[in-house]
Amino acid sequence: MIRAFHRWPGLLALALLVVLGLSGAALSVFPSAEWISVPRTEADLTVASLAKRIQAAYPGVEQIRRTPSGKITAYWFDQGVPGAAVIDPSTGKGVASADPNRFQRWLTNLHRSLFLGDGGRIVMAAGALSMLVLSLSGTALVARRVGGWRRWFSTLRGPLAGRLHVEIARIAVAGLVLSSLTALWMTASTFDLLPDGGATLVFPEEVSGQTGVTFDKMALLGATPVAELRELTFPYPGDTTDVFTLKTSRGTGYLDQGTGALLAWADLTGWERASEIVYMLHTGQGAAPLGLVLGFMALGVPVLAATGVLVWLAARRGRPRIRGNQPAGRAETILLVGSEGGSTWGFAATLHTALTKAGQSVHVAPMSGFAPQRYTQAERIILLAATYGNGDAPSSAKGFLDRLAAVDAPSAPLAVLGFGDRSFPDFCGYARTVAAAARAKGWPELLPFDTINRQSPQDFARWGRDLGHAMGIKLKLSHQPRNPPTQRLTLVSRRDYGAEVQAPTAILRFALPRATPWQNLTGGGFTRFHAGDLLGILPEGSAVPRLYSLASSRRDGFIEIVVKKHSGGLASTQLTALEPGQTVTAFLRRNPAFRPGRGRVPLILIGAGTGIGPLAGFVRGNTRRRPIHLFFGMRHPDSDFFYDWELPGWQAEGRLTRLITAVSRGESRQYVQDALRGDAYEVAGLIHEGARVMVCGGRDMASGVTGTLAEILAPTGLTPEMLKAEGRYVEDVY
C-alpha cells in the first residue's frame with residue numbers, strides 16, 4: 001500500500017514535480033542576491049526620516065515599500081508620469097530601477113501557476129501535495145529498506161538507479177516536506193481556505209480634514225525604525241478625507257494627514273505572524289541562507305524523478321494503449337477545432353463519434369496545429385470555428401490563417417462551419433474570414449460555408465445531413481450541449497424598473513448555494529467569483545445558456561444580476577417573471593479580463609442601461625475608497641435609474657467619488673458620450689495620471705464611447721487603442 005502511494009503520485013505528476021523543483025531551486029538564489037545588493041540602512045534610521053528624505057527627492061511620492069531583505073522602493077508621480085526606483089536610505093534618492101527582474105517574474109509565475117491563473121495555482125498545489133505524499137511515503141519506504149530509523153544513513157546495495165534514488169531522498173526529504181507543507185499553506189491562504197485570523201482595522205470615520213503635516217510631527221513614524229517598515233502609503237493628492245497607511249512588522253495603522261495623529265491601529269495577530277513565517281520558510285525572503293539550502297534540496301527532484309521512472313520501468317510490463325483519435329497521417333477525415341470556451345469541442349466530439357460509427361477514420365486536433373503536409377491519406381478537411389470578440393481567432397485557432405497562407409497548393413476539399421450568436425453584429429466573423437481565405441487560396445469546397453446559431457443542435461443536425469450527403473454516407477448528428485456543472489439558485493429579492501417606458505427591467509438577487517468541501521477546495525461552483533464574472537442561465541425548455549454580468553462578488557454574500565426583458569427572449573422573460581422563493585438553473589463562468597485590478601489608480605466606469613450591473617458591483621466592493629468616477633446612461637430617472645437607492649450611500653461612504661448621469665429621454669437628450677465630452681478636461685487628466693477605463697453595455701454605446709474618448713485624448717497623445725494595449729481600457733459589451 002505504501003509503495004502504491006509512493007509510485008502513482010510520482011508517475012502522474014512527474015513533469016509537474018520537475019518544474020516545481022527546478023523553478024524553486026532557481027528562485028532560491030534571488031533572495032540572497034537581493035540581500036547582497038541592497039543599500040544598507042543606518043541602525044537608528046526612522047520611517048519619518050526616511051519618508052522626509054524620499055519626499056525631498058520625489059515630491060510626488062505615493063508609496064514606500066520595504067522587503068524582508070531590506071530593499072526599499074518608492075513609487076511616485078512627477079507631472080502625471082509614474083516613476084519608481086530602489087532607494088538608498090542614506091540619501092532618499094533612487095539608485096536602481098524598481099522594475100522587477102523579468103526572468104525572476106517569469107520563473108515566479110511558472111512556479112506558482114504555470115501561467116494559468118487560479119487553475120494553474122490549483123495544479124501546482126496538487127503538485128505540492130504529490131510531493132508531500134511522495135516524501136512521507138518515501139521516508140517510510142527508506143526506513144523499511146534500511147532496517148529502521150537508526151540506520152537511516154546505512155550503506156545501500158542494489159542497482160545504481162535504486163541506490164541513487166534513496167541516497168538523494170535521504171538528504172532532500174526534510175527540505176521537500178517543508179517546502180510542500182508551506183506551499184500548501186500559502187495556496188490555502190490564497191483561496192481563503194484558512195480561517196481569517198487577521199485583525200479588523202476600520203477606516204476612520206472622522207479625520208481632521210487638514211493636510212500638510214510634516215513627518216517630524218508624526219510621532220508614530222518617528223518612533224518606528226525602518227527595519228520594522230513594510231509599507232507606507234501616502235494620501236491621495238487633494239483628498240482631505242484620505243489618510244496615511246502604515247504597515248509594519250507589528251501591525252497596521254491610519255494616520256491623519258493634517259495632524260499626524262494615529263486614527264486607528266491593529267496589531268499583527270498570531271495567525272498573521274504564522275503566515276509570515278510560512279512565507280519566509282517557503283521563499284527565503286528574510287532568511288536567504290535557508291532559501292539556498294531548500295533550493296539545493298529542490299535540485300534533487302529531477303534526479304529523483306528520473307531514477308524513480310527507471311525503477312518503475314524495470315518492473316513494468318508493456319501494456320497496449322487504445323486511442324480513439326486516429327493519427328493525422330492515416331485519417332481519411334481531418335477535423336480541426338477553433339474554440340475559446342470549449343463548447344465547440346463538444347460538437348467536434350459528437351461529429352467524431354458519428355463519423356467513426358459510419359466507418360470513417362478521423363483525426364481531431366486544434367486549428368492552431370493545421371499541417372496539410374501530414375494529412376497524407378486525408379479525403380476531406382472539416383473546420384469547426386467559433387469567433388472570439390470582434391471577429392478574432394479563438395484560442396485554439398491562433399496562427400491558423402498564417403499557416404493557411406503559407407500552404408503552396410490546396411489539398412483535400414474543405415468545409416467550414418461557424419459557431420456564434422446571431423444577435424452579435426459580427427456573427428461567425430472569424431469563420432467567415434477563414435472560409436474567404438480558403439476560397440481565395442483556391443481550396444476545393446466540400447460544403448458551402450454554414451453557421452450554427454447559439455449552439456443549436458437542430459442546426460448541427462441539419463448540417464450533418466448535408467455533410468453525409470456530400471460524403472455519400474448516412475450521417476445523423478444528435479448533439480447534447482455540455483454546459484459546466486449547474487446549480488439551482490433561489491431568488492431572495494427583486495427590484496423592478498422600466499414598466500413606465502415599456503422596458504421591464506429587474507435587479508435580481510439570489511442566495512448563495514451551499515458549497516461542498518470539494519468545491520471549496522477547488523474553487524468550483526459559486527465558491528469564488530467577482531463582479532464582472534458571468535452568470536450562465538439555462539432557461540426552461542432550452543439547453544442553450546444566456547450569460548449575464550454579475551453585479552456582486554462572493555464577499556457580498558449574494559448573487560446579483562440586472563436583467564431587461566427582451567421581446568421573444570426566453571431567458572429574460574423567465575427571469576423577469578421570477579418571484580422570491582423561485583429558482584433557476586445556473587452556472588458560473590469567470591471573466592478575468594473584466595476586473596478593476598489592484599492599486600489606487602482611479603477608475604473611470606462607463607455604462608448604460610443594464611451595463612451598470614458589474615460597475616455597481618465594483619463600486620460596492622470598493623472598501624478601500626479607491627477613486628471611482630461613474631458615468632451612467634439611462635432613459636429617465638423615474639423609470640430606469642438602477643441602484644438609485646444605493647449609489648448615494650456609496651458616495652457618502654467614499655466608495656464612489658463622482659456620479660455623472662446622462663438622461664436620453666429627458667428634456668435635454670444626452671448620452672454617456674455627451675457626458676464624457678462635458679467632463680473632457682477631468683477625464684483626460686485622470687487618464688493621463690494613470691486611470692483605468694472600464695466600459696459595459698451595448699455595442700453601439702461602447703463604440704460611441706471609444707470614439708468620444710479618442711477625441712478627448714487627442715491633445716494628450718493617447719488613444720483608446722494605446723490604453724487597450726496597456727490593459728487600461730477594457731470592455732464588456734453585448
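This briefing looks at the salt bridges in the structure above. The model is predicted. Side chains of opposite charge can pair when their charged atoms come close.

- D450 and R462 form a salt bridge, with 2.8 Å between their closest N and O atoms.
- This pair joins distant parts of the chain: D450 belongs to strand 13 (residues 450-453), while R462 sits in helix 15 (residues 457-471), and the two are 12 residues apart.
- D450 counts as buried because its relative accessible area is 17%, which is under 20%.
- R462 is partly exposed, at 28% relative accessibility.

**The pair E653 and R655**
- E653 makes a salt bridge with R655, and their closest N and O atoms lie 2.8 Å apart.
- E653 is partly exposed, with a relative accessibility of 37%.
- R655, for its part, is buried, at a relative accessible area of 19%.

**The pair E726 and R728**
- A salt bridge also connects E726 with R728, where the closest N and O atoms are 3.1 Å apart.
- With 47% relative accessibility, E726 is partly exposed.

**A network**
- Salt bridges can also be followed through a network here, one that links R509, E560, R620 and E646.

Methods: Residues are numbered from 1 along each chain as its sequence is written. This is a predicted model: local features need pLDDT of at least 70, side-chain atom pairs count only at pLDDT 80 or more; totals for chains, interfaces and linings use all residues. Side-chain values use heavy atoms; hydrogens and water are left out. A salt bridge is a side-chain nitrogen of Lys or Arg within 4 Å of a carboxyl oxygen of Asp or Glu. Helices (H or I, at least four residues) and strands (E, at least two) are DSSP runs, numbered from the N terminus. Buried means under 20% relative accessible area, exposed over 50%, partly exposed in between (1.4 Å probe, protein chains only).
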